Amino acid sequence: MKKMKALLLDHHRPLSFTIMHRFLLKLSSSSTNPLRNSKFQRLILPSLNLFASGSPPPPSANPYSADSFRKSRAFSSKSRALGVRCISSEAGREAIEYDVVIIGAGPAGLSAAIRLKQLCQEKNTDLSVCVVEKGAEVGGHVISGNVFEPLALDELLPHWRQEQAPIEVAASSDKFWFLTKDRAIPLPSPFDNKGNYIISLSQLVRWLGGKAEELGIEIYPGFSASEVLYNASDEVVGIATKDMGISKDGSKKETFQPGVDIKGRVTLFAEGCRGSLSEKIIKKYKLREEVNAQHQTYALGIKEVWEIDESKHNPGEVIHALGWPLDPKTYGGSFLYHMNDRQVALGLVVALNYKNPFLNPYEEFQKLKHHPAIKRILEGGTVLQYGARTLNEGGFQSIPYPVFPGGAIIGCSAGFLNVPKIKGTHTAMKSGMLAAEAAFGALHEGSNMNTYWDSLRGSWVWKELYAARNYRPAFEYGLIPGLAVSAMEHYVLKGKVPFTLKHGKADHEATDLARKCKPIEYPKPDGVLSFDVPTSLYRSNTNHDHDQPSHLRLKDPKIPEKVNLPEYGAPESRYCPARVYEYVEDEEGKPKLQINAQNCLHCKACDIKDPKQNIEWTVPEGGGGPAYSVM
Amino acid sequence: MKILVAVKRVVDYAVKIRVKPDKTGVDTQNVKMSMNPFCEIALEEALRIKEAGFAKEVVAVSIGPPQCVDTLRTGLAMGADRGIHVEANSSFLPLTIAKILKSLADVENPGLIFLGKQAIDDDCNQTGQMVAALLGWPQATFASKVVVLDKDKQFATVDREVDGGLETLSVDLPAVITTDLRLNQPRYATLPNIMKAKSKPIKKMTLEDLKVDIKSDIEIVEVTEPPKRKSGVIVSSVDELIDKLKNEAHVV
């Protein structure tokens, strides 16, 4: 009786479907085959319009047909917003139409674009593809470790070895250390990077951009997508670029240029980890609830590229380390990769579910560089570039349903990073390729974009992420249990267990109150190995036009002084790797939050870690932000 | 009237530069390049003059490697009508550039040549002046306020920023004007304009076409970083200060 009641209350779906759904859920819950896992019913059931909007699908047979696209009128999400700005979307904005619009010229976005054009060539047809990128240059906002697994690239561009791809340094050794304050204890390495390459992802993306342009893909760097465009049926029909030339007080400068509506029959979001528009889409269409996915969990990675002494340089050497300077309760680790040209990539990754609000990941990174084993390598060298970015750690458990009416989410915006391998580039690229294939099918043959979900689950991406799913959550129980489970998983289990561990609290909820925690004293920088934030920031080449409204929005402007500062000790002034958030004294001597938006590295840590989720990262004017070239 | 605007592709102003280990120059590999900010201002002023009806055509010209075409495309996206790319494999010093621009001016016959006052990579502040001298044209450098053209388009009134303040000159056309920071705020290149710019013509020319002798009398011997700034010393009295100025710094 109770069950019948529960079924009847499910308004959005016909009763028969709901009964089927529950029946199949029970059937498959005991199976360990990921393709039959209870979350993924859509493989078996016909694709109904299950999108949360509740409105019936448009009567035309193919929602992606060029016909129905032209008939739909674009409504801006802004016109529903509560008085944010009064410029209506219909008046004064030019609209440009494409078959496919991709937001973000990163590995996922460019792989999707390239795959689309390849399919066009195979089937002797053509689709117009546009990629918008907020960085001033393709690759300018790309930063990653990176020990690259060429699996997806081999599928996408099999002849990359003959095409001067910036992939030259083969990984030659895998060292794994447990660091204490003074020692580096070598441990058996859990990594096997044979066949992988140490690269600068920024360089690779630049190269991919060149390949994409050769295929006729239009890439527009320097344009930030600030809004999603919807039609009358609440389907996504594209994005609008941000108005340029608005001064700090909100008025139009003499250089004012309104944004442009870029409409696509299919829109793919490839904004990277915690993409600002992707998060809105996931919330709006309840894409995590669709598949009972957990919340996403994140880490903040801070990286520098050094040019070191020739004698200390060993191209191909890969070092990973655990332990110091992080305490056993904080998940994270460091890496040091030897690239070519006497360059090494060095970084620290700190999981953002750390408890102590006084933790300062940037300062922990500075401490790391003074460790004898690291100092020995860096001494005599100079820093070339600095940068920071958050990355996904949620893995399998956090993957949302990546398809929405009008398009899909690819790459880290959905979250395909393999945490124990610490690699996400190959899976991001593959997800882009699969989405491209689904989009091509939808546009060319009238199939459904849902095939992207199906092909994801049938691909090596799924197998990999499923096998890796229990590593990270095990660390919720502590460092030693975590390491123990990792060892078990790595040598024995390889993911073949009938259970899936859950993540702990969401990162922003994990922060303890300041009064319960001990403040941490960090040493002063020495200017040789460790540096202050402004010096490091200068090396990221970051800049924004000063005279624009701050792109970091506070939902409630009083919360920083009322909650963040007294309750949590102002964590944003500590986790931000760019010193954007500072508390200064106002005229009455009271502390007030000052937002130095110009410094922003676009890492998204504040959007993730703010305890009350009061800080919203929105996109600034295109062309601003860091200018990474070797990261 | 035609306006010729010379634009230079330089290291972006926000990028931290590094001297190459062999000291032959600044490392420009994998570094973000953009149009020189003063050249952007020059192009903006030319576009405004055209929009005011005093000129028919704005031609952007750049001298350098193939990537200069990107800089020209930005110029075309801002509103220039066509571009000229003079191919050159090495970077040239101002006199060579001036000779090239003179040859171009002989071919194109512009009524005005706009340049930025200096490039942010070499800070020479010479090219505009040299072009004017080679052509025998009047010059108005460091233009800061409005450049007003007479209705007959035979002369221009230019406010110049000089050490003592502002100087207003009247120059007969054709003339060379170099632009300073406060002249205007360059417009953004909008997406539709970037798309339109793809179909605007860029003519390629070589140094042989222009019959320019590129032999330079100047050779760059070495490029080094400026010496590291030593930390300051706090003195405890005026006498100590005078002593240090006399005996250590030798400036008194």
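Helices (H or I, at least four residues) and strands (E, at least two) are taken here as DSSP runs, numbered from the N terminus. This is a predicted model, in which local features need pLDDT of at least 70 and side-chain atom pairs count only at pLDDT 80 or more, whereas totals for chains, interfaces and linings use all residues. Residues are numbered from 1 along each chain as its sequence is written, chains are lettered from A and ligands numbered from 1 in the order in which they are written, and side-chain values use heavy atoms, with hydrogens and water left out.

In chain A, Lys505(A) sits in the loop between α15 (479-493) and α16 (533-538). With a relative accessible area of 55%, Lys505(A) is exposed, where exposed means over 50% relative accessible area, buried under 20% and partly exposed in between (1.4 Å probe, protein chains only). Together with Lys329(A), Lys355(A), Arg515(A) and Lys516(A), Lys505(A) forms a patch of positive charge on the surface. Such patches are made of residues with over 30% relative accessible area and no salt bridge, like charges being joined within 9 Å and nonpolar side chains (Val, Leu, Ile, Met, Phe, Trp, Tyr) within 5 Å. Lys and Arg count as positive and Asp and Glu as negative, while His and the chain ends are not counted; the place of a charge is taken as NZ of Lys, CZ of Arg, CG of Asp or CD of Glu. Accessible areas come from the Shrake-Rupley method with a 1.4 Å probe, and for residues only the protein chains shown count as cover.

Helix α13 of chain A (residues 460-467) has 6 of its 8 residues buried, so this helix is largely enclosed by the rest of the structure. The buried residues of α13(A) are Trp460(A), Val461(A), Trp462(A), Glu464(A), Leu465(A) and Tyr466(A), and they pack against α5 (151-156), α11 (425-445) and α12 (451-457) of chain A, a contact being heavy atoms within 4.5 Å.

In helix α15 of chain A lies Ala487(A), which counts as partly exposed at 34% relative accessibility.

**Salt bridges**

Over all chains, a search of the whole structure finds 49 salt bridges, each defined as a side-chain nitrogen of Lys or Arg within 4 Å of a carboxyl oxygen of Asp or Glu.

| Positive residue | Negative residue | N to O distance |
| Lys175(A) | Glu317(A) | 3.1 Å |
| Arg48(B) | Glu44(B) | 2.7 Å |
| Lys102(B) | Asp106(B) | 3.0 Å |

Lys175(A) forms its salt bridge with Glu317(A). This pair links distant parts of the chain, with Lys175(A) in strand β6 (residues 173-179) and Glu317(A) in strand β16 (residues 317-323) of chain A, 142 residues apart. Lys175(A) is partly exposed at 33% relative accessibility, whereas Glu317(A) is buried at 9%.

Arg48(B) and Glu44(B), by contrast, both belong to helix α1 (residues 37-51) of chain B, where they are 4 residues apart, about one turn of the helix. Arg48(B) is partly exposed at 28% relative accessibility, while Glu44(B) is buried, with a relative accessible area of 2%. Both residues also take part in a network of salt bridges that links them with Glu254(A), Glu51(B) and Arg187(B).

Lys102(B) and Asp106(B) are likewise 4 residues apart, in helix α3 (residues 94-108) of chain B, and are therefore separated by about one helical turn. An α-helix has 3.6 residues a turn, so residues three or four places apart point the same way. Lys102(B) is partly exposed at 27% relative accessibility, and Asp106(B) is partly exposed with a relative accessible area of 45%.

**Chain B as a whole**

Chain B contains 7 helices and 12 strands, and its C-alpha atoms fill a box of roughly 65 × 45 × 40 Å, taken along the principal axes. Of its 252 residues, 46% count as buried. Among contacts in chain B between residues at least 6 apart in sequence, 69% join residues at least 24 apart. The accessible surface of chain B is about 13,600 Å², and carbon and sulfur atoms account for 52% of this surface. Chain B carries 34 positive and 35 negative side chains, with the centres of the two sets 5 Å apart.

Leu245(B) lies in helix α7 (residues 238-247) of chain B and counts as partly exposed at 31% relative accessibility.
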